[in-house]
Amino acid sequence: MTTTVVYPGTFDPITLGHEDVLRRACTLFDRVVVGVAAAHHKKTMFTLAQRMDMVTEVLADVHNLEVKVFDGLVVDFCAANNAAGVVRGVRNHTDFDFEAQMAAMNNILSPSFDTIVLLPRPSLQCISSTLVREISNLGGDVSALVSPPVGLALAQAKRMSEQMAAQLSAQALAS
């Protein structure tokens with residue numbers, strides 16, 4: 001019997017902490033499905049297609065991992081993928097409190113649903129996508145926080161943002 005788990009998230013962008021948890025999950029389970037959330041309720045830096053591409057590229061060497069779009073309830077996504085439950089990375093007690101609440105709610109929605117918590121390596125526990133985006137936007141070096149393809153995507157997004165700001169500034173001065 002194949003054991004499948006889902007790792008859902010927005011991955012905006014995928015960090016080395018996400019990668020660490022995913023790679024380790026792939027050694028523990030037969031099949032891991034990364035559910036990249038459409039995240040209609042969030043304003044993401046990267047489009048869904050860009051986030052899917054980044055996750056696929058940085059984990060291309062992992063044979064038992066699939067990347068799919070995730071939209072809706074995680075319990076429904078797990079059922080659609082024949083998954084026993086989810087894997088979640090927990091960096092600190094704040095993450096744990098949130099994940100414990102989500103695990104309890106998901107278990108109410110689907111009584112056979114399980115949540116497996118993995119801690120990232122200690123050196124990666126401080127990394128969050130939010131902090132990575134902020135550091136990148138402020139011109140900081142994110143090379144110790146994300147894989148090279150993600151670093152390039154962040155740099156490109158920053159350049160595009162700067163170009164748009166310059167154009168808006170020029171238009172405002174011209175008015």
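This is a predicted model: local features need pLDDT of at least 70, side-chain atom pairs count only at pLDDT 80 or more; totals for chains, interfaces and linings use all residues.
Helix pair. I looked up helix 2 (residues 48–58) against helix 6 (residues 148–174) and found that their axes come within 9 Å and cross at roughly 155 degrees. Helix 2 makes the contact through Met54, Glu57 and Val58, and helix 6 through Pro149, Val150 and Ala153. I sorted these contact residues into 5 nonpolar, no polar and 1 charged.

Cores. The largest nonpolar core has 31 residues, and I noted Phe11, Ile14, Leu22, Val32, Leu59 and Leu65 as those touching the most other members. Strand 1 (4–9), helix 1 (16–28), strand 2 (31–37), helix 2 and helix 6 each give two or more residues to this core. I then listed the neighbours of Ile14, leaving out residues up to four places away in sequence; they include Leu22, Met54, Val58, Leu59 and Val150. Another core, of 12 residues, lies apart from the largest one, and Phe70, Val75, Phe77 and Phe113 are among its members.

Salt bridges. My search of the whole structure gave 9. In the bridge between Glu66 and Arg31, the closest N and O atoms are 2.6 Å apart. I logged Glu66 as partly exposed at 30% relative accessible area and Arg31 as buried at 18%. For Arg88 and Glu99 the closest N and O atoms are 3.0 Å apart. Arg88 is buried at 19% relative accessibility, and Glu99 is buried at 9%.

Conventions. Residues are numbered from 1 along each chain as its sequence is written. Side-chain values use heavy atoms; hydrogens and water are left out. Axes are lines fitted to C-alpha atoms, for helices over the stretch in contact, and angles run from 0 to 180 degrees between N-to-C directions. Helices (H or I, at least four residues) and strands (E, at least two) are DSSP runs, numbered from the N terminus. Contact means heavy atoms within 4.5 Å. Ala, Val, Leu, Ile, Met, Phe, Trp, Tyr, Cys and Pro count as nonpolar, Asp, Glu, Lys and Arg as charged, and the others, Gly among them, as polar. A nonpolar core is a set of buried Ala, Val, Leu, Ile, Met, Phe, Trp, Tyr and Cys residues joined through side-chain atoms within 4.5 Å. Buried means under 20% relative accessible area, exposed over 50%, partly exposed in between (1.4 Å probe, protein chains only). A salt bridge is a side-chain nitrogen of Lys or Arg within 4 Å of a carboxyl oxygen of Asp or Glu.
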